[in-house]
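Take a look at the model below.

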Amino acid sequence: MSARPLFCLETSVEAGEWGDKESFESLAAAALRAAAMDLFVNEAQPFPDEPPEVSLVLADDATMAAINAQWRQQPKPTNVLSFPAFPLTPGKMPGPMLGDIILARETVEREARDLDKPVDEHLAHLIVHGFLHLFGYDHIRAEDAEKMEAMETRILASLNLSDPYGDTEPV
């Protein structure tokens with residue numbers, strides 16, 4: 001593997017108090033690099049010569065609730081949503097734009113508190129989770145959930161972060 005980047009990151013703060021954008025981008029880039037490298041090495045995921053773009057959209061709960069209502073008919077905030085730019089089957093070559101990963105600040109903070117985890121650790125997990133969705137991974141069926149959760153756990157372990165699922169059943 002050459003030292004070329006596997007993706008290009010664009011970050012946009014749309015709503016909410018996200019603090020230092022540079023610190024967030026550093027965290028996000030590390031999580032995405034670990035995920036991309038894991039996909040490349042462990043899942044034989046090809047990447048184009050020109051790194052595809054990943055867009056991270058930082059929102060608040062109100063913005064996320066509106067997006068969730070519009071696209072999923074669920075008028076409530078959620079922690080993360082992913083919108084692939086193009087449908088992608090795991091293991092197939094992505095196009096020039098992977099898609100958007102949208103995060104809701106208040107929900108992420110509340111969940112981190114409930115999980116007794118640092119917010120940055122929970123954010124890293126959600127970014128990895130969203131990134132895998134952009135590559136066509138899902139967790140609707142139990143066997144797909146098991147695979148995706150195992151991948152997330154492996155990627156987070158490479159960042160020295162704990163298993164986000166612990167002893168829970170795949171969802």
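Start with Asp38. It counts as buried because its relative accessibility is 8%; buried means under 20% relative accessible area, exposed over 50%, and partly exposed in between (1.4 Å probe, protein chains only). Keep in mind that this is a predicted model, where local features need pLDDT of at least 70, side-chain atom pairs count only at pLDDT 80 or more, and totals for chains, interfaces and linings use all residues. Residues are numbered from 1 along each chain as its sequence is written, and side-chain values use heavy atoms, with hydrogens and water left out.

What does Asp38 meet in a salt bridge? The partner is the side chain of Arg154, at 2.6 Å from N to O. A salt bridge here is a side-chain nitrogen of Lys or Arg within 4 Å of a carboxyl oxygen of Asp or Glu. Arg154 sits in helix α5 and Asp38 in helix α1, so the pair ties together parts that are 116 residues apart in sequence. Helices (H or I, at least four residues) and strands (E, at least two) are DSSP runs, numbered from the N terminus. Arg154 is partly exposed, because its relative accessibility is 33%.

Now move to Lys147. Its side chain meets that of Glu43 in a salt bridge (2.9 Å, N to O). Lys147 lies in helix α5 and Glu43 in the loop between α1 and β2 (53-59), so this pair ties together parts that are 104 residues apart in sequence. Lys147 is partly exposed, with a relative accessible area of 39%.

Which residues of α5 are buried? They are Ala145, Met148, Glu149, Met151, Glu152, Ile155 and Leu156. Seen down the axis of α5, they fall within an arc of 160 degrees, so they line one face of the helix. The arc is that of the directions from the helix axis to the C-beta atoms. An α-helix has 3.6 residues a turn, so residues three or four places apart point the same way. The buried residues of α5 pack against α1 (21-42) and α4 (119-134), where contact means heavy atoms within 4.5 Å. Just after α5, Asn160 takes a positive phi of about 60 degrees.
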